[in-house]
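Trainee: I would like to learn how to read salt bridges. Could you walk me through them?

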Amino acid sequence: MTDIPAPSGEAIPPTPGDTLLFENDRVRVWSMTLEPGGIFDFHQHHHDHVVLWPDAGDVQGQELGDAEWGISQHAEPGFVLYKTVGSAQPLHPHRVRNLGTEKVTHFVIELLETSPSADELPWQHNDRGSFSASDGR
C-alpha cells in the first residue's frame with residue numbers, strides 16, 4: 001500500500017489518533033482528543049477499525065483534495081462505528097475537527113489482521129449517533 005503525499009509533500013501518516021494506548025499482533029488502540037475547534041491533521045486508515053465514542057461529540061471530516069468538510073459525525077455516549085477498509089488500499093486521507101464547545105475524545109481500535117474484504121465497504125454504526133459523508137461512503 002502506498003501512502004499519498006500530504007499538501008506539504010510529506011507522506012500522510014497512518015496514525016488515526018494522537019496517543020497509542022495499546023498494541024499487540026492483532027489490535028492497535030488509539031485515542032484522539034480534540035479541543036473545542038481543534039483539528040487532527042490528515043491521516044489515513046490502513047486497517048479495518050472500530051471507532052468508540054464514550055461521550056457525546058460533534059465532528060466534521062475533510063478528505064484530502066476536497067474544498068468542503070463533507071463528513072459529519074454526531075455522537076451520543078456509546079456511539080460505535082465500524083469501517084471495513086479492505087485489503088486493496090488504505091482509506092483516502094482525511095482530517096477531523098471538533099465542532100463543539102467541549103473537549104472530545106474517541107477511541108480507534110484497528111484490527112491488524114488482513115481484512116476479509118478486498119474492497120472498502122460502507123460505514124456501519126449503532127443507533128447512538130449519526131454518520132454521513134457527501135460521497136455516500
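This is a predicted model: local features need pLDDT of at least 70, side-chain atom pairs count only at pLDDT 80 or more; totals for chains, interfaces and linings use all residues.

Trainee: How many salt bridges does the structure hold?

Mentor: The general idea is to look for a side-chain nitrogen of Lys or Arg within 4 Å of a carboxyl oxygen of Asp or Glu. By that test, the structure has 4 salt bridges. One of them pairs Glu113 with Arg26, at 2.8 Å from N to O.

Trainee: Which parts does the pair of Glu113 and Arg26 tie together?

Mentor: Glu113 sits in the loop between β9 and β10, and Arg26 in the loop between β1 and β2, so their contact links parts that are 87 residues apart in sequence. Glu113 itself is partly exposed, at 47% relative accessible area.

Trainee: Now for Glu110 and Arg28. What is the N to O distance in their salt bridge?

Mentor: For Glu110 and Arg28 it is 3.2 Å. Glu110 belongs to strand β9 and Arg28 to strand β2, so this pair connects parts 82 residues apart in sequence. To judge burial, look for a relative accessible area under 20%. Glu110 is buried at 1%, and Arg28 is also buried, at 18%.

Trainee: Which residues do shared partners join into one network?

Mentor: Glu23, Arg28 and Glu110 are linked that way, through salt bridges that share partners.

Methods. Residues are numbered from 1 along each chain as its sequence is written. Side-chain values use heavy atoms; hydrogens and water are left out. Helices (H or I, at least four residues) and strands (E, at least two) are DSSP runs, numbered from the N terminus. Buried means under 20% relative accessible area, exposed over 50%, partly exposed in between (1.4 Å probe, protein chains only).
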